[in-house]
Amino acid sequence: MGDETLDGVELVEQPWWMHDAEVAASGLLTMLRRLPILVREVLILSWRTSRADTVVMLGATMAAELFTAFGLLATNDVLTRLFQAVPTGERIRAAMPAIVAVVASMVLRAAFREAAAWIKARLEPQITQTISTRLVELTTRVELAAFDDPDFHDQVQRTSALSVRGATWLLWAVMGSIGGLFGLVTIAGALGVLHPLLMPLVLLATVPTTWASVRSARVGYQVNAGIAAANRRQRTLQDLMTERASAAEVRSYGMRGHLLAEFERVYSWITRYELRAARRQQLTTVVGSTLGGVADGAVYVVLGVLLWAGQVELAAAATAVLAIQRAGSATSSFLYGLNSAYEAGLYFSDYRDFLTRAQERISPQGGTAAPADLDRVSVREASFTYPGAEEPALRGVSIEIEPGQVVALVGENGSGKTTLSKLVGGLYLAEEGTVSWGGVESRDIDRDALRGRIAVIAQDFTHWPFTAGQNITLSTARPPASVLAASGADRVVERLPYGLDTLLDPAYRGGTELSGGQWQRIAVARGLYRDAPLLICDEPTAALDARSEHAIFESIRRHAVQRTVLMITHRLASVRWADRIYVLERGRVVESGDHAELMERGGVYAEMYTLQAKAYAG
Ligand SMILES: Nc1ncnc2c1ncn2[C@@H]1O[C@H](COP(=O)(O)OP(=O)(O)OP(=O)(O)O)[C@@H](O)[C@H]1O
């Protein structure tokens, strides 16, 4: 199944699949060796989530099994008394206390089982919350570059989808097998009293079903790893056909047929893969159950022989039949638990691995305090390549940003302007070269504190599904009128039905959508509100009409009187007043100077500027 390919769909084995395949192929013994660590961790997780619930669940599970064994011994007592050679009335009277003990054991066993089930229902949402919270705590702390790494991205998605469930699944499996094992031990005690041969026989009878369930679990896990990429593709296609963002283009470009055909192709591939796996799993289970049935029969034959040979009493033989049934169900809950623990353990290991890998990518905390006022920012010979990219996005770039200056980055699409601004903003770290603030390397400065000194009006800013006010302040505070006026957001807010309290997400009742230019004004307001000493503006006016564009540049200029601005724009008329302009080409700085110097030089900048000026002059 592993060599199946799907044209056009990325189905190459991912490094994390390799790990999965390794685990899935490593067999029962390897997994059993890993299991104690996983069991320990999941019990610790449960303990940390709720001590009381964990203790009660463990106690109730074991107590229920204890009463199973008591019930058996009491049953044996009842039968022994009923089979005595005395008048019936006397036999019944003699058996009464034991009958009461049987009934009491059954009631208590049921009560403890229900208590365990109740605690399980309590623990499940709490553990899921703990795990999901841990996941997002980490995903929001890793370096931004991790999200450019497709492996990491896939791992996040897979972990969110499956591994969170893996933890509770593993815990129930562990509880099930602890209960089953404890039940087996107590019943073994009872069976041992009747005849020493009975217990080993019962255990032997379970071998075929154990083999079948472990094998079937492994196939299940391998299938999940095998279809991961195709599943992702199918979800992407589904999203394109169900989400608002793509709905307009799907219609205007008549993409429905193409998307549906692709969806059908990918989905059919997944279904074929799953059907074949289901057949394999079913075949294994049928073989296991058949052999299991034969083994059960053999146990009864041996019991018959023992009875015939006078090795066991009739009452003991009758109790043994009951005990064998109970032992069968304890064995199956032990094995089912073990098998589920094995399968859930595979997913839970993914979660643990994800935690470890994410931990390695966390932005370091602590370090030199960030400068109170912005000092000179120097980028020296910095290079940066995106994960998986063949070409570096920046090659040996050097720029200087003096306090209070407006510095502009210009250049063609893809020349590296945004990447450079992210290096300055501490979102990416240079692989070679340095970025320093007031002489201190930015990688040594406390990352959060550094980012707190920077406001970014990003090119791909987020349309937060919050109210207009919250979209500006990114908190519950209300933005001051001066910020609204400086960004032109006042005219946007004015037209909203609930002003600053209008939800900017049409997917919710009462929510609304803004135009591209209106959103951009909100993003500019967000940058100005932050009031940081360095403002990075990445094409802040690309979606604005001419009048608004002029107004915004004026505002940013006024803003720059006390602060420093790093500006990226394709509108060269707007960078004329910059103190320094850097021209980038294919990840390198090819020219720098102010407008007059660059025009005089007659290079790339002068050519671009003249072209734009001509276009405006008509
Ligand atoms: N997340 C990413 N992963 C891989 N490559 C990327 C990523 N982001 C950008 N690149 C590549 O890095 C190079 C520089 O991109 P960057 O966004 O810095 O250019 P830019 O000058 O800001 O372009 P534009 O004017 O179009 O905004 C481009 O070749 C781009 O394809």
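**Exercise 1.** At which residues does UniProt place the feature "transmembrane region"?

*Solution.* The unreviewed UniProt entry lists residues 55–74, 94–112, 169–191, 197–214 and 286–309; such annotations may be inferred rather than shown by experiment. The model itself is predicted: local features need pLDDT of at least 70, side-chain atom pairs count only at pLDDT 80 or more, and totals for chains, interfaces and linings use all residues. Residues are numbered from 1 along each chain as its sequence is written. Now look at residues 169–191: this span is 100% helix, with its end C-alpha atoms 32 Å apart. For residues 286–309 the values are 96% helix and 35 Å. Helices here are DSSP runs of H or I with at least four residues, and strands are runs of E with at least two.

**Exercise 2.** Work out the order of the strands in the open sheet, and find its edges.

*Solution.* Start with the order, which is β2-β1-β4-β5, with antiparallel pairing; two strands pair if DSSP finds at least two bridges between them. Next, β2 (394–401) and β5 (440–441) each have a single partner strand, so one side of each lacks a neighbour in the sheet. Finally, zoom in on β1 (residues 377–384), which five bridges join to β2. Ala382 stands opposite Val397 of β2.

**Exercise 3.** Describe what surrounds the ligand.

*Solution.* Count first: 13 residues surround the ligand (C-beta atom, placed from the backbone, within 6 Å). The closest are Tyr386, Ala393, Asn413, Thr418 and Thr419.
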